[in-house]
Amino acid sequence: MASIAPVMRWVRLLVLAASLGRCVAAAENDPALTPADLSWLAAHPVIRVGYDPGWPPFSLRDASGKFSGIDADTLAVLSRRYGFRFEFVTRDSWPEVYAAARRGEIDLLVGTARTPEREREFHFTRPYFSFPVVIVTRVDEPIVWSVLDLEGRRVAGVRGYVATSELQRIYPDLKFRLTDTVEEALTMVADGGADAFMTNLPNASFTAKTHGLTNLKIAGVMPETFDLCYAVRQDWPELIRILETACASLTEADRQAIVHPWIRVDYARVIRWDLVWKTALAALAAIGLGVGVMMMRNRRLARELAERGRLLEQVEKAHRQLGELHRDKSELMHMAAHDLRSPLTAISLGIEHQRLGLGSFELDERLRSSVRQMGRLIDDLLDVHTLEEGRREFCFAPIDFGALVREVAADLRPIAARKEIVLQQSLDLDQLPPASGDVRALRQVVDNLLSNAIKFSPRNSRIIVRLRRWNEFVRLEIQDEGPGVPAEEKERIFGKYVRGTARPTAGEKSTGLGLAIVRQLVTAMNGRVWCDAAPAPEKGAVFVVVLQAAK
């Protein structure tokens, strides 16, 4: 393969291959066959061996059609040593070979994975090979940390292979594209027809190199291992002991002689890795260790940065909230100091005049007006505080909106008369349904909006109060002939302590809380309130309140 990732794993392969028979009977046991074994072999002089024709480097059919590979060389050694006579049988694919064995046309299968289903049909020896399962991708793909990284991707698999069926069972979300051979599966990945292929390490590396698939790499190693056994027909259990005894006779030199040529040919025919090993192995180990440490460190730093970012965001949010609270406190202190001074001064002067016997009806009215002004300011402050803390209780009921508007207008008409302002009402009472809301809160909304209209209207003007049905809602409009509200202030004036550029026309005081209270009360009653400009060619502002009609 073009990637250098398999090199380190091939080193491990040498170690694994050197232990070809480590899972068979212990080497110190006597590997000689018993008289019963020899008698059985005499009664069965020919053993038909089935093999996969396309599973290099373990089993394959060479150019002359002969059985070749590590399994073939292993059986050749056993045949010379014990006089086995093997007859090699294959078909066009492994599923066909396996089916022939099930029909009794084959006595022994090489390189077979052991599964509960297969154990019902064959006897199995202990494993004589155990290899890691690897994930093969194109070189431009990222490292695969786990099979979960392949969810939704196209995964090649060979039909009839236990590895494929087990992967389909364990990872049902993978999208498998099946082929007949390992070569077809790897070619599919190399050509972009699939994104990954999972098989054992030597099988993947040998096939990719000998077929010139240089754009592939080992992208990950799975936790599963692939164990290979001999599978023997059910009515020949004696052959299991004979094969395990024979495999136990293989020395370390025998195993090296079997495996080494295939590994050496693998590298010599494709790339002279033997020239690279001596200078690259130490560097690769250091690079691998360094990359691993760096990746772990980067991941830790990424987590720490994410946590710091989250904490910094919380600190900034808290800082903004503290800033808003500080501004609110400053506005409150400024307003209380400024707006309470005038009425208190008027009250003090009035008391002094009364003491000196200079009282009059006009003075009494001024005192009452100052007291009302202070009372309204204190009420506004208490209302904002109560609403923000959620302690304001609302009692929803059907409300006669028309009667409520008339009552509020009647209460405020003397104040409007002092500025010679006409309160004109246009109430569509015949079509008007009851409104759904809290009567006390709605009265406060209408009173605040109508008082504001009087406060910002010039002398000898009019205020129009309209009330009508609006689809499934009740709509209140209060239109004045004052200076109006600039477009950029129409939403801002509903904030706390906010005063627009317009000023009361007779020097009245404005706390900057009235519209904020209106917005919170209307919202709590599931309604809306906003400001529009008066329809041309008229001037002034129109404040609109929309509430749901009672059902």
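Helices (H or I, at least four residues) and strands (E, at least two) are DSSP runs, numbered from the N terminus. The model is predicted, so local features need pLDDT of at least 70 and side-chain atom pairs count only at pLDDT 80 or more, while totals for chains, interfaces and linings use all residues. Residue numbers start from 1 along each chain as its sequence is written, and side-chain values use heavy atoms, without hydrogens or water.

**View 1. Leu476 in strand 17.** Leu476 lies in strand 17 (residues 473-479). Leu476 is buried, with a relative accessible area of 0%; buried means under 20%, exposed over 50% and partly exposed in between (1.4 Å probe, protein chains only). Leaving out residues up to four places away in sequence, Leu476 touches Phe401, Val405, Val446, Val465, Arg466, Leu467, Phe543, Val544 and Val545, where contact means heavy atoms within 4.5 Å. Phe543 is 67 residues from Leu476 along the chain, and their C-alpha atoms are separated by 8.1 Å.

**View 2. Val405 in helix 14.** Val405 belongs to helix 14 (residues 401-418) and counts as buried at 2% relative accessibility. Apart from neighbours within four places in sequence, Val405 is in contact with Leu427, Val465, Leu467 and Leu476.

**View 3. The contact of helix 7 with helix 8.** Helix 7 (residues 182-190) and helix 8 (residues 201-210) pack at an angle of about 70°, and their axes are 10 Å apart. Helix 7 is therefore roughly perpendicular to helix 8. Angles of 65 to 115 degrees count as roughly perpendicular, under 35 as roughly parallel, over 145 as roughly antiparallel and the rest as oblique. Axes are lines fitted to C-alpha atoms, for helices over the stretch in contact, with angles from 0 to 180 degrees between N-to-C directions. From helix 7, Val182, Glu183 and Leu186 meet Asn203, Ala204, Thr207 and Ala208 of helix 8.

View 4. The largest nonpolar core has 85 residues, of which Ile47, Phe84, Leu109 and Met198 touch the most other members. Such a core is a set of buried Ala, Val, Leu, Ile, Met, Phe, Trp, Tyr and Cys residues joined through side-chain atoms within 4.5 Å. Not counting residues up to four places away in sequence, the contacts of Leu109 include Trp94, Phe122, Cys229 and Tyr230. A second, separate core of 43 residues includes Ile399, Leu412, Ile421 and Val445.

View 5. Most residues other than glycine have a negative phi, and most peptide bonds are trans. Pro56 and Pro57 are joined by a cis peptide bond, with omega about 0°; Pro57 is in the loop between strand 2 (54-55) and strand 3 (59-61). Asn460 is not a glycine, yet has a positive phi of about 55°. The loop that holds Asn460 runs between helix 15 (439-455) and strand 16 (462-470), and Asn460 is exposed, with a relative accessible area of 58%. Asn526, also not a glycine, has a positive phi of about 65°. Asn526 is found in the loop between helix 16 (514-524) and strand 18 (528-533) and counts as exposed at 52% relative accessibility.
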